[in-house]
Amino acid sequence: MPGPADVTTVLVTLPPGSAGSPPHRHPGAVFGYLISGEMRFEVEGEPERIIRAGEAFWEPGGDLIHY
């Protein structure tokens, strides 16, 4: 990763059954950890999968992300 780089920490809370955010892209990598519940997660070109509480996930920068 070319420097300098910034790190931002965000807590996202979604109600049960939420559609989540619309498909989107990030300019850089995103690392996440699911605290509770589960969510559907899909990175462009990969199969959808279920992320469960206690699991981590990452989004490569620039790819289309679906929650």
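**Entry 1: Arg52 and its partner**

I started at Arg52, which counts as partly exposed at 42% relative accessibility. I keep in mind that this is a predicted model. Which residue does Arg52 form a salt bridge with? I found Glu38, with the closest N and O atoms 3.4 Å apart. Arg52 sits in strand E3 and Glu38 in strand E2, so I noted a link between distant parts of the chain, 14 residues apart. Glu38 counts as exposed, at 54% relative accessibility.

**Entry 2: the other salt bridge**

I searched the whole structure and got two salt bridges. Besides the Arg52 and Glu38 pair, there is one between Arg25 and Glu44, where the closest N and O atoms are 3.6 Å apart. This pair also links distant parts of the chain: Arg25 belongs to the segment before E1, Glu44 to the loop between E2 and E3, and 19 residues separate them.

**Entry 3**

Next I traced the strands. What is the order of the open sheet? I read E3-E2-E5, three strands with antiparallel pairing. Strand E3 (49-52) and strand E5 (65-66) each have a single partner strand and stand at the edges, so one side of each has no neighbour in the sheet. I then followed E2, residues 38-43, along E3: the two pair in the antiparallel sense over four bridges. Within this pairing I marked Arg40, which stands opposite Ile50 in E3.

**Entry 3: aromatic pairs**

How many aromatic pairs does a search of the whole structure find? I counted two. In one of them, Phe31 and Trp58, the ring centres are 6.3 Å apart and the planes are at 20°, so I logged the pair as stacked. Phe31 is in strand E1 (residues 30-33) and Trp58 in strand E4 (residues 56-59), distant parts of the chain that lie 27 residues apart. Phe31 is exposed, with a relative accessible area of 64%, while Trp58 is partly exposed at 47%.

The other pair is Phe41 with Phe57, which is tilted: I have 5.1 Å centre to centre and 55° between the planes. Phe41 lies in strand E2 and Phe57 in strand E4, so this pair ties together parts that are 16 residues apart in sequence. Buried means under 20% here.

**Entry 4: a nonpolar patch**

I also looked over the surface. Val10, Val12 and Leu14 form a nonpolar patch there, with about 300 Å² of accessible area together. I checked Leu14 on its own: it lies in the segment before E1 and counts as partly exposed, at 46% relative accessibility.

**Entry 5: confidence**

Last, I went through the pLDDT values. The protein chain has a mean of 87, and 96% of its residues reach 70 or more.

How values were computed
Residues are numbered from 1 along each chain as its sequence is written. This is a predicted model: local features need pLDDT of at least 70, side-chain atom pairs count only at pLDDT 80 or more; totals for chains, interfaces and linings use all residues. Side-chain values use heavy atoms; hydrogens and water are left out. Two strands pair if DSSP finds at least two bridges between them. Rings of Phe, Tyr and Trp (its six-membered ring) pair if their centres lie within 6.5 Å; planes under 30 degrees apart count as stacked, over 60 as edge-to-face and the rest as tilted. Buried means under 20% relative accessible area, exposed over 50%, partly exposed in between (1.4 Å probe, protein chains only). Patches are made of residues with over 30% relative accessible area and no salt bridge: like charges are joined within 9 Å, nonpolar side chains (Val, Leu, Ile, Met, Phe, Trp, Tyr) within 5 Å. Accessible areas come from the Shrake-Rupley method with a 1.4 Å probe; for residues, only the protein chains shown count as cover. A salt bridge is a side-chain nitrogen of Lys or Arg within 4 Å of a carboxyl oxygen of Asp or Glu. pLDDT is the predictor's confidence in each residue, from 0 to 100.
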